[in-house]
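Please consult the sequence and the structure below while reading.

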Amino acid sequence: MRVRYSRLFANSDGASCFDDRETELEVGFAAPPAEPLHAAKFSPAEETFWMGAVPTWKGDVPHPAPRRMAFVTVQGEYQITATDGETRKFPPGSVLLIEDTTGAGHKTRNVSAGDTIVLAIALPSQTEEFFDDHVAKAASAQST
């Protein structure tokens with residue numbers, strides 16, 4: 001079983017870019033007598049909070065993220081445009097890892113007729129090595 005999510009990060013030139021990520025979930029999370037579930041670590045979290053945007057909210061001036069976060073869209077839909085012009089929409093159920101805390105930043109827009117609500121997960125400051133190491137370990141586990 002695999003999980004897919006998008007990542008928004010600043011490249012070495014300071015441009016915000018998207019990346020697609022995928023992680024293998026392995027059997028092991030259990031609360032007996034229920035059968036075990038599939039799970040995988042994502043990242044340590046510092047706090048969680050709800051964020052909402054009304055339909056008229058504007059984030060159309062490029063801006064970096066104030067901190068590393070993960071968004072899980074709960075209601076509505078928003079779109080983000082990276083520095084290179086790539087635009088992605090995030091409907092309910094989508095997950096976005098936001099790491100472009102430096103550089104040119106991105107634009108954000110609520111594209112719903114109604115409110116958009118995300119569950120935001122504040123993540124500790126970490127370098128890309130955390131994710132590269134995590135991906136390498138997942139790849140190594142698959143090959144064994």
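## Terms and model

A polar contact is a pair of N or O atoms within 3.5 Å; within protein, one must be able to donate a hydrogen and the other to accept it, and residues adjacent in sequence count only if both atoms are side-chain atoms. By this criterion, a polar atom of the Gln75 side chain lies 3.4 Å from the backbone oxygen of Asp115.

The model is predicted: local features need pLDDT of at least 70, and side-chain atom pairs count only at pLDDT 80 or more, while totals for chains, interfaces and linings use all residues. Residues are numbered from 1 along each chain as its sequence is written, and side-chain values use heavy atoms, with hydrogens and water left out.

## Overall architecture

The protein chain holds twelve strands and one helix, where helices (H or I, at least four residues) and strands (E, at least two) are DSSP runs numbered from the N terminus. Their order along the sequence is β-β-β-β-β-β-β-β-β-β-β-β-α.

Of the 144 residues, 34% count as buried; buried means under 20% relative accessible area, exposed over 50%, and partly exposed in between (1.4 Å probe, protein chains only). The accessible surface of the chain is about 8500 Å², and carbon and sulfur atoms contribute 56% of that area. These areas come from the Shrake-Rupley method with a 1.4 Å probe; for residues, only the protein chains shown count as cover. Among contacts (heavy atoms within 4.5 Å) with a separation of 6 or more, 70% join residues 24 or more positions apart.

## Gln75 in strand S7

Strand S7 (residues 69–75) contains Gln75, which is partly exposed at 38% relative accessibility. Not counting residues up to four places away in sequence, Gln75 touches Pro92, Asp115, Thr116 and Ile117. The C-alpha atoms of Gln75 and Pro91 are separated by 7.6 Å, with the two residues 16 apart along the chain.

Thr81 belongs to strand S8 (residues 78–81) and counts as buried because its relative accessibility is 18%. Its side chain forms a polar contact of 2.9 Å with the side chain of Thr87. Beyond neighbours within four places in sequence, Thr81 is in contact with Glu86, Thr87, His106 and Lys107.

Thr108 is located in strand S11 (residues 106–110) and is buried, with a relative accessible area of 13%. A polar contact of 3.5 Å links its side chain to that of His106. Leaving aside neighbours within four places in sequence, the residues in contact with Thr108 include Trp57, Lys58, His63, Tyr78 and Ile80.
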